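Subject: A structure for you to explore

Hi there,

Here is the structure I promised to pass on. Have a look around first, and then read my notes below.

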Amino acid sequence: MADSTFDVVSKVDKMEADNALNQARKEVEQRYDFKNVGASIEWSGEKVLMKANTEERVKAVLEVFESKLIKRGISLRSLDTGEPFASGKEFRIESSLKNGIEQDAAKKISKLIRDEAPKTVKAQIQGDELRVSSKSRDDLQATMALLKNADLDVALQFVNFR
């Protein structure tokens with residue numbers, strides 16, 4: 001019998017992120033506490049750029065965006081946010097969405113699977129994703145549960161379960 005496999009990936013649905021950004025933009029434009037403070041949120045290439053006239057206001061814009069991401073089912077672990085910085089008379093925050101599992105995180109996940117998953121489970125790093133295989137589907141499901149409960153700093157999704 002052939003091995004059963006699944007892939008561990010970290011991807012953000014670009015359309016969902018775009019929808020979250022549009023919802024956040026509408027809320028920022030309509031909320032009373034953001035009137036006349038120059039608050040805005042927009043795409044700047046692959047990054048999200050948030051602006052306001054004070055550091056507190058730009059952090060509030062970030063909180064609105066984060067709440068919209070959560071509502072759209074996007075984990076905040078996939079959001080890489082910088083510190084607020086002054087740019088002329090306004091403050092800005094740049095954020096980017098992480099796609100793919102970095103090599104260090106992939107090695108950490110692979111080690112976790114080796115140490116704590118059932119012994120029949122094997123993990124193999126393939127670029128920016130991991131392929132996990134085993135003869136037993138039950139062992140693979142136990143491995144999925146282990147990874148879901150692990151405290152990793154990457155948002156994980158499981159795809160191609162065969």
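Let's begin with the sheet: 4 strands form an open sheet in the order S7-S8-S1-S9, with antiparallel pairing. Strands here are DSSP runs of E with at least two residues, helices are runs of H or I with at least four, and both are numbered from the N terminus. Two strands pair if DSSP finds at least two bridges between them. S7 and strand S9 (157-159) are the edge strands, each pairing on one side only. On average, neighbouring strands of this sheet are turned by 30° against each other, direction ignored.

Before going further, please note that this is a predicted model: local features need pLDDT of at least 70, side-chain atom pairs count only at pLDDT 80 or more, and totals for chains, interfaces and linings use all residues. Residues are numbered from 1 along each chain as its sequence is written, and side-chain values use heavy atoms, leaving out hydrogens and water.

Now for the strand pairs. Strand S7 (residues 122-126) pairs with strand S8 (residues 129-134) in the antiparallel sense over 5 bridges, and Gln124 stands opposite Arg131 in S8. The hairpin of S7 and S8 has 2 residues between the strands, and Gly127 there takes a positive phi near 70°. S8 also pairs with strand S1 (residues 4-9), again antiparallel and over 5 bridges; here Phe6 stands opposite Val132 in S8.

Next, the helices. H4 lies across S1, S8 and S9, and runs at about 15° to S1. Axes are lines fitted to C-alpha atoms (for helices, over the stretch in contact), and angles run from 0 to 180 degrees between N-to-C directions. Helix H4 (residues 137-149) also packs with helix H3 (residues 103-116) at an angle of about 125°, their axes being 11 Å apart. H3 and H4 are therefore oblique to each other (angles under 35 degrees count as roughly parallel, over 145 as roughly antiparallel, 65 to 115 as roughly perpendicular and the rest as oblique). Their contact (heavy atoms within 4.5 Å) is made by Ile109, Leu112, Ile113 and Glu116 of H3 and Thr143, Leu146 and Leu147 of H4.

Leaving aside neighbours within four places in sequence, Lys68 is in contact with Ala20, Gln23, Ala24 and Glu27.

Enjoy exploring!
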